[in-house]
Amino acid sequence: MNWSKYSAPLAFYPLAGRMIPWFGTVAALAIAVGLYIGLLVAPTDFQQGEAYRIIFVHVPAAWMSMFLYVVMAVWAAVGLGLNARLSFMMTQAIAPTGAMFTFLALLTGAMWGKPTWGAWWVWDARLTSELILLFQYAGVMLLRTSIDDQRRADRASGVCALVGVVNIPIIYFSVQWWNTLHQGASVSMTAAPKMATIMLTGMLLMTFGFWMYSLAVILSRARCVILERESLQLWSKPSSVPEVAGVR
Amino acid sequence: MYWGSLSEFLEMGGYGLYVWTSFIITGLCMVWEILALWRRRAAAIAESRGIVRDIG
């Protein structure tokens with residue numbers, strides 16, 4: 001199979017369309033089972049009581065906020081290096097979902113902070129660097145909309161996304177590098193998880209569900225972006241977009 | 001099943017407000033994103049059909 005042909009936006013469009021229902025279904029199943037485990041099966045936490053259950057949305061949202069930023073920056077790098085239209089379209093498609101998960105990580109963090117720390121917000125390294133991430137997503141999106149020329153908008157927001165990636169390790173390691181109020185990592189690649197297996201299972205299922213949800217939503221937005229930006233190309237190749245194919 | 005009764009489940013040991021706000025707003029944001037994409041898609045398709053019709 002020749003995958004490189006899918007780097008053409010109009011060839012990618014139907015492929016993405018076939019993948020969205022699969023990712024969406026898997027996301028719905030994983031989130032349903034994750035919620036069942038997190039809310040109904042998992043026992044209480046001996047230190048934090050039931051407030052700890054916020055972990056089942058907070059950690060997946062926070063992980064996705066960082067992961068999606070890295071993926072967005074990689075697409076920006078590919079776009080800048082190869083001057084590929086589809087790569088910039090992916091950058092454009094990822095930013096709003098990444099921003100949403102960053103907002104949710106901050107909001108659910110506040111909901112967790114109030115009962116456990118006594119404060120909605122503190123200027124702690126973890127919280128502050130995550131807030132900066134939200135501004136970075138906003139910057140990437142605003143820079144695009146503020147430049148009329150499409151190619152310049154792509155390059156400017158791509159550079160912005162790429163430069164901002166330095167914040168990701170800062171967020172990740174902030175709880176080690178600084179003395180933060182935010183608790184340390186419950187799960188890491190080098191040590192055994194510091195939580196009960198059933199809690200970990202629920203959290204990982206929710207994370208997997210959020211990841212699959214992101215794929216479905218981002219591919220769906222990428223299709224919108226392709227239609228918005230490539231509509232003139234459609235004239236020569238309307239068959240790639242079934243919704244448009246029958247017009248003439 | 002961990003809970004003894006529905007009211008116990010909703011109260012979340014006194015943290016109900018924080019826990020349910022977190023879950024409900026997360027859910028609402030995700031549903032809103034899907035609906036917004038649905039509308040954006042319908043608008044983009046309508047626009048493309050218009051362009052293809054006019055040029056073709």
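How many residue pairs are in polar contact between chain A and chain B?

1. The model is predicted, so please keep its limits in mind: local features need pLDDT of at least 70, side-chain atom pairs count only at pLDDT 80 or more, and totals for chains, interfaces and linings use all residues. Residues are numbered from 1 along each chain as its sequence is written, chains are lettered from A in the order in which they are written, and side-chain values use heavy atoms, with hydrogens and water left out.

2. The opening count is nine residue pairs, both partners at pLDDT 80 or more. A polar contact is a pair of N or O atoms within 3.5 Å; within protein, one must be able to donate a hydrogen and the other to accept it, and residues adjacent in sequence count only if both atoms are side-chain atoms. On the side of chain A that touches chain B, helices H1 (9-41), H2 (55-82), H3 (85-117), H7 (197-230) and H8 (242-245) of chain A each supply at least two residues. Helices here are DSSP runs (H or I, at least four residues), numbered from the N terminus.

3. In all, 47 residues of chain A are in contact (heavy atoms within 4.5 Å) with 31 residues of chain B. About 3,600 Å² is buried between the two chains, and carbon and sulfur atoms give 74% of that area. Buried area is the accessible area (1.4 Å probe) that two parts lose on being put together, summed over both.

4. Two salt bridges are found across this interface. One pairs Arg221(A) with Glu33(B), whose closest N and O atoms are 2.8 Å apart. The rule asks for a side-chain nitrogen of Lys or Arg within 4 Å of a carboxyl oxygen of Asp or Glu.

5. Now for the pockets: on a 1 Å grid over the protein atoms alone, a pocket is an open set of points where a 1.4 Å probe fits, with protein on both sides within 12 Å along at least five of seven lines, and lining residues have an atom within 4 Å of a point. The largest pocket holds about 950 Å³ of space. Among its 38 lining residues, Val59(A), Ala62(A), Trp63(A), Met66(A) and Arg126(A) lie nearest the centre. H3(A) gives the most to this lining, eight residues.

6. The second largest pocket, about 620 Å³, has 25 lining residues, with Tyr213(A), Ala216(A), Val217(A), Met30(B) and Ile34(B) nearest its centre. The largest share of its lining, eleven residues, comes from H2(B).

Conventions. Grid points are joined across faces, edges and corners, and a volume is the space filled by probe spheres set on the points.
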